[in-house]
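My notes follow in the order I wrote them.

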Amino acid sequence: MTWNPGTWRQLPAAHQPEWPDAAELEQVEQELASYPPLVFAGEARNLTDRLAEVCDGKAFLLQAGDCAESFDGFDANAIREKLRVILQMAVVLTYSSGVPAVKVGRIAGQFAKPRSSPTETVDGTELPSFLGHMVNDLPFSEGDRRPRPERLLQAYNQSASTLNLLRAFTRGGFADLHRVQAWNQEFVAASPEGKRYEHLATEIDRALRFMEATGLSSNHSEIHEADFFTSHEALILQYEEALTRQDSLTDDWYDCSAHMVWIGERTRQLDGAHIEFMRGVKNPIGCKIGPTATTDEVLGLCEALNPDRTPGRLTFITRMGATTVEEKLPPLLEAVKDSGHPVVWACDPMHGNTFTSESGHKTRHFDDVMTEVAGFFAAHRTAGTWPGGIHIELTGDDVTECLGGGEAVQTADLGKRYETMCDPRLNGRQALDLAFQVAELLDH
Ligand code: PEP
Ligand code: CO
């Protein structure tokens with residue numbers, strides 16, 4: 001079947017909203033299609049090249065951000081704090097792995113959510129589930145839960161301003177390595193869990209001073225600026241199609257809504273619309289892989305999404321669960337290795353470890369997250385494959401959504417600052433703690 005940006009429409013698309021008004025949706029799609037692209041195809045190619053290095057064991061992927069971005073309280077500080085944590089984590093990971101960290105945010109477009117049930121019932125009233133701010137709103141009322149196409153335009157606009165700010169921060173001095181290291185030193189000095197990493201942080205200081213002394217650092221843009229890419233789950237295909245453009249340099253099609261887009265665990269059916277759409281765009285793409293995935297499915301995904309076997313094109317983001325990763329992951333690693341398909345393997349230790357606490361909050365325990373990461377590293381060590389990266393839900397804000405970590409968030413604390421739109425995120429301290437622990441795993 002020849003591909004074009006709309007061929008997905010002939011196939012079943014899972015987890016789509018029931019848009020009440022088709023004409024209204026079509027009008028919005030046309031409007032979006034007339035808007036400028038959010039990213040440039042050359043940037044997406046650049047990310048593919050960076051991910052090819054990850055494929056080759058010469059770089060490490062750090063993909064992180066919100067489960068779902070919000071239209072409410074959209075402000076510069078939250079974006080800055082999220083970027084800051086990711087930059088801090090990247091420095092720690094780069095130092096310990098000895099290879100560059102490729103930084104990709106779940107940001108500037110992460111507005112749509114697949115849900116376990118299409119509807120939610122409260123006190124006998126059944127309404128559509130909240131599907132992310134690109135589609136509807138969180139409060140439980142008929143008006144809020146109604147899918148509204150104009151939200152696609154708001155998602156585009158918020159993505160554009162978020163991206164603009166990220167570009168400014170990463171180029172304008174905020175991401176300077178010395179500054180990021182100073183923040184890490186603050187974390188080490190100010191928190192009990194940080195104390196454990198004093199040695200590592202001191203070593204990074206010494207490395208920076210050494211570079212300075214040899215005259216290596218002052219003039220290099222790598223020291224003062226950061227490469228930062230955007231990504232989101234490509235769930236609402238009308239939105240993705242409207243932002244898909246043909247690159248004038250190569251004639252290839254790119255989904256210009258983000259540098260990288262991924263397919264969720266619930267929409268990776270080989271004969272489904274999401275695979276059909278993604279196979280034709282040239283961006284680097286991700287695909288979530290959960291514990292039910294078979295080797296045949298995974299090999300089928302390699303063939304469907306990367307028939308040319310381009311390194312960096314395909315990232316498998318595995319989310320097996322802390323108790324099953326050591327059983328489920330190895331056969332997949334072996335099968336893909338035997339097939340010769342180049343893939344990046346990244347670990348999402350969040351989505352296989354979600355449960356509801358006694359207080360009624362959807363949460364995750366920091367220890368389970370770390371157990372899955374450790375299992376991921378162990379499986380790769382055994383298979384002789386490169387544990388290429390981590391995929392984390394986090395925020396720079398001081399929330400109490402995940403249990404445990406250095407400050408030992410307890411079930412009774414969850415209600416204090418539980419602010420997520422969807423899944424529970426690591427807070428800034430928990431995220432840094434994780435980075436330092438991953439650093440220890442990378443170092444061995
Ligand atoms: C997510 O990344 O927020 C998500 C829904 O993940 P998954 O598709 O792995 O369940
Ligand atoms: Co999530």
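I started with the shell around ligand 1, which by class has 3 nonpolar, 2 polar and 7 charged residues. My classes: Ala, Val, Leu, Ile, Met, Phe, Trp, Tyr, Cys and Pro are nonpolar, Asp, Glu, Lys and Arg are charged, and the others, Gly among them, are polar.

Housekeeping: this is a predicted model, where local features need pLDDT of at least 70 and side-chain atom pairs count only at pLDDT 80 or more, while totals for chains, interfaces and linings use all residues. Residues are numbered from 1 along each chain as its sequence is written, chains are lettered from A and ligands numbered from 1 in the order in which they are written, and side-chain values use heavy atoms, with hydrogens and water left out.

I listed the residues around ligand 1 (a heavy atom within 4 Å of it); among them are Arg 106, Lys 113, Trp 262, Lys 288 and Glu 393. Then I looked up polar contacts, meaning pairs of N or O atoms within 3.5 Å; within protein, one must be able to donate a hydrogen and the other to accept it, and residues adjacent in sequence count only if both atoms are side-chain atoms. Oxygen atoms of ligand 1 lie 2.6 Å from a polar side-chain atom of Arg 319, 2.8 Å from a backbone N or O atom of Glu 265 and 2.9 Å from a polar side-chain atom of His 351. Taken alone, ligand 1 exposes 300 Å², and the protein buries 98% of that (Shrake-Rupley, 1.4 Å probe; for residues, only the protein chains shown count as cover).

Which residues coordinate the cobalt ion (ligand 2)? I found Cys 67 (SG), His 351 (NE2), Glu 393 (OE) and Asp 423 (OD), at 2.1 to 2.4 Å. Donors here are N, O and S atoms within 2.8 Å of the metal (3.2 Å for Na, K and Ca); water is not among the atoms, so sites may look incomplete. The spacing along the chain reads C-x283-H-x41-E-x29-D. His 351, in the loop between strands S11 (344–347) and S12 (355–356), and Glu 393, in strand S14 (residues 389–393), are 42 residues apart and link distant parts of the chain. Strands are DSSP runs of E, at least two residues, and helices are runs of H or I, at least four, numbered from the N terminus.

**Burial check**

Is Glu 393 buried or exposed? It counts as buried, because its relative accessibility is 0%, and buried means under 20% relative accessible area, exposed over 50%, partly exposed in between (1.4 Å probe, protein chains only). His 351 is buried too, at 18%.
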